[in-house]
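Here are a few notes to read alongside the model. Keep the picture open and find each residue as you go.

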Amino acid sequence: MASRRIAQSSVNWASLAERVPPNQKPNLAAFKTKSDKYLRSVVANPETPPKIDWAFYKKNVPVAGMVDKFQKAYEALQIPYPADNVTKLVEAQEKEVQQEIAKFVKDSEARIADFTTQIATLKALLPYDQMTMEDFRDSFPEQALDPINRPSFWPHTPEEQEPGAPNAEPHH
């Protein structure tokens with residue numbers, strides 16, 4: 001199996017640092033230091049191991065067959081690159097998250113439109129400091145005091161009203 005050589009870090013540290021909260025910056029810096037140290041150690045070694053001069057050892061090692069045995073074992077040695085069995089899971093999870101983000105954006109846009117209409121309605125009202133009780137009743141009939149149809153007792157809170165009274169429901 002052909003191995004892949006790491007030439008440089010594939011991590012975009014600047015982009016990652018933007019997303020890390022301030023209280024986690026020291027942990028990110030420590031992680032980056034460890035990652036850079038590992039990368040330097042990998043890059044310091046050659047991509048392929050140095051060639052061994054087996055003829056030299058056969059000529060200088062007195063034990064017969066020992067060098068041949070080592071050569072056979074060395075050439076049979078295969079260090080496999082780990083199989084990538086997580087990328088598909090990460091990509092599937094990324095698709096799920098993208099769908100959740102799209103749904104959240106759509107829901108947020110609907111909430112923004114609703115809030116914008118509420119803001120427009122409030123801006124169209126008379127300012128509260130210029131509003132009379134009649135204006136308040138006309139603008140907010142469900143919240144205004146109505147002593148004829150819904151009498152209530154001071155302090156006009158739901159807790160202070162008689163049980164079963166028509167105005168016993170809470171005011172918003």
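**Notes on helices and surface**

1. Start with Gln71, which sits in helix H4, residues 66–76. (Helices here are DSSP runs of H or I with at least four residues, numbered from the N terminus.) Gln71 has a relative accessible area of 17%, so it counts as buried; the cut-offs are under 20% for buried, over 50% for exposed and partly exposed in between, with a 1.4 Å probe and protein chains only. Setting aside neighbours within four places in sequence, Gln71 is in contact with Trp54 and Lys58, where contact means heavy atoms within 4.5 Å.

2. A word on the source: this is a predicted model, where local features need pLDDT of at least 70 and side-chain atom pairs count only at pLDDT 80 or more, while totals for chains, interfaces and linings use all residues. Residues are numbered from 1 along each chain as its sequence is written, and side-chain values use heavy atoms, leaving out hydrogens and water.

3. Now look at helix H2, residues 25–44. Its 20 residues reach 28 Å from first C-alpha to last, close to the 28 Å expected at 1.5 Å a residue (that is, 1.5 Å times one less than the number of residues).

4. Which residues of H2 are buried? They are Leu28, Leu39 and Val42. Seen down the axis, the buried residues of H2 fall within an arc of 60°, so they line one face (the arc is that of the directions from the helix axis to the C-beta atoms). Helix H1 (13–19) is part of what covers them. On the other side of H2, the exposed residues include Lys34 and Arg40.

5. Finally, Tyr57 is in helix H3, residues 54–60. Its relative accessibility is 40%, so Tyr57 counts as partly exposed.

Technical notes: Helix = DSSP H or I, 4+ residues; strand = E, 2+ residues; numbered from the N terminus.
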